[in-house]
Amino acid sequence: MQLYHHPFSPSARRVLMAADHLGVALDLVEINLASPDDRRRLEELNANSRIPVLVDGALVLSESCAIMQYLADRTPGQAVYPHDLAARADVNRWMFWTCQHFAPALGVYGWENMMKKMVAGEDADPVELARGARDIARAAVVIDRHLATRRWLVGDAVTLADYAVVAPLMYKEQARLPLDDYPHLLAWFARVQELPAWQRTTPAW
Amino acid sequence: MQLYYNPYSSNTRRVLLAAAHLGVEFDLVKMDLGSQDDRRRIGEVNANGKIPVLIDGDFVLWESCAIMQYLADGTPGQTVWPQERRARADVSRWMFWACQHFAPAIGVLTWEYIWKKYVTGQDADPKEVARGEADLAEAARVLDQHLSTRQWLVGGGVTLADYAVAAPLMYKEKAHLPLDAYPHLLAWFERIQALPAWQRTAHEW
């Protein structure tokens with residue numbers, strides 16, 4: 001299986017962490033989004049022009065969370081994507097939640113405070129940062145409250161939900177993510193950072 | 001099972017479409033987001049303060065797409081959420097894509113053109129409309145291209161993917177969604193509208 005990825009992409013990081021945890025070996029194909037050639041190769045695979053993309057024979061799969069689930073489903077004996085109906089729904093819920101709420105909010109900060117200067121040469125737009133801060137606060141309070149009584153998002157061990165939600169926090173410092181008011185979220189992030197799957201997929205900045 | 005819902009919510013519509021297709025019945029509990037009492041009741045079961053919320057005994061599930069999958073997983077013999085691993089990943093991919101790209105773009109336009117006036121008394125903001133239209137154009141192009149050679153998003157029949165992606169098109173007229181340039185998307189939406197599940201869950205404005 002090939003994975004088209006970039007080491008700085010938090011969506012790719014989700015897949016890398018899941019693969020690492022599951023012990024799935026992937027041929028990594030690095031895609032530089034600033035290169036027209038690489039963008040064309042990506043576009044040929046995925047009309048969405050986004051990474052990551054998994055190629056497994058005839059299956060070309062985009063959307064990082066769908067790839068994580070697929071890798072887990074093809075791994076016998078794994079425990080990060082439960083088989084029990086309610087537990088699986090609980091994991092799915094957090095994966096959808098992050099795609100819809102948490103990750104896009106963090107992405108606004110990632111773009112404005114980190115990527116924009118590199119890609120567009122422009123400074124951060126205060127109006128966009130305010131929109132991002134408002135959306136981050138809305139989502140962070142939900143997860144902070146949830147984690148006040150739990151070590152992991154679902155059940156009593158790490159699942160795909162933790163990896164999916166945590167990935168964008170990889171640029172917590174660089175993007176100056178406003179998360180200081182959420183102690184339970186930060187404690188959980190510290191736990192995730194202890195995991196081998198996090199440590200082995202951390203890029204050199 | 002109870003479903004906290006509102007007939008004008010496209011995320012609710014996703015669950016209603018899946019339930020209608022699967023023949024799942026639940027007690028519908030209508031929530032008025034303009035009512036403080038109802039907002040408090042929603043907050044008690046979902047810290048996000050959003051609908052739909054499914055209550056199945058002591059299991060409380062939010063995130064519309066996770067609810068759809070949970071209902072399908074509990075229905076023997078269903079075909080809208082395939083058992084085969086690759087087909088399931090394909091359906092899952094489109095559901096994540098809808099949550100991350102298509103529905104949020106439409107959401108910007110429904111807020112600006114439909115809800116904003118009710119909630120804040122303000123008119124649409126041209127900058128926000130432009131942002132929503134640009135995001136929708138990008139997503140609609142992907143969907144249109146995919147549907148140029150297919151009747152349904154995945155495989156030869158309707159799946160949860162179609163229902164999840166199509167639901168926010170219930171606002172097509174009211175939110176002035178600029179979709180005229182996407183004939184394959186529109187033809188697919190016609191097919192969706194001909195389905196019993198769509199017709200039985202339609203709501204008069």
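**View 1. Surroundings of Leu160(A) in the predicted model.**

**View 2. The largest nonpolar core.** This core comprises 125 residues. Helix 4 of chain B, spanning residues 85–120, gives the most to the core, contributing 14 residues.

**View 3. The contact between chain A and chain B.** Each side is represented by 25 residues, from chain B and from chain A. On the side of chain B that touches chain A, the elements giving two or more residues are strand 4 (59–62), helix 3 (64–73), helix 4 and helix 5 (126–147) of chain B. Of these, helix 4 of chain B gives the most, with ten residues. By residue class, this side of chain B consists of 13 nonpolar, seven polar and five charged residues.

**View 4. The two domains of chain B.** The domain assignment places residues 2–73 in domain 1 and residues 85–201 in domain 2 of chain B. Taken over C-alpha atoms, the centres of these domains are separated by 20 Å.

**View 5. Where domain 1 of chain B meets domain 2 of chain B.** Here twelve residues of domain 1 are in contact with 13 residues of domain 2. On the domain 1 side, helix 1 (10–22) and helix 3 of chain B are the elements that give two or more residues. Helix 1 of chain B supplies the largest share, eight residues. The domain 1 side divides into seven nonpolar, three polar and two charged residues.

Terms used. Residues are numbered from 1 along each chain as its sequence is written. Chains are lettered from A and ligands numbered from 1 in the order in which they are written. This is a predicted model: local features need pLDDT of at least 70, side-chain atom pairs count only at pLDDT 80 or more; totals for chains, interfaces and linings use all residues. A nonpolar core is a set of buried Ala, Val, Leu, Ile, Met, Phe, Trp, Tyr and Cys residues joined through C-beta atoms within 7 Å. A residue is buried if 20 or more other C-beta atoms lie within 10 Å of its own, exposed if 12 or fewer, and partly exposed in between; C-beta atoms are placed from the backbone. Helices (H or I, at least four residues) and strands (E, at least two) are DSSP runs, numbered from the N terminus. Two residues are in contact if their C-beta atoms, placed from the backbone, lie within 7 Å. Ala, Val, Leu, Ile, Met, Phe, Trp, Tyr, Cys and Pro count as nonpolar, Asp, Glu, Lys and Arg as charged, and the others, Gly among them, as polar. Domain bounds come from an automatic or database domain assignment. Lists of a residue's contacts leave out its neighbours within four places in sequence.
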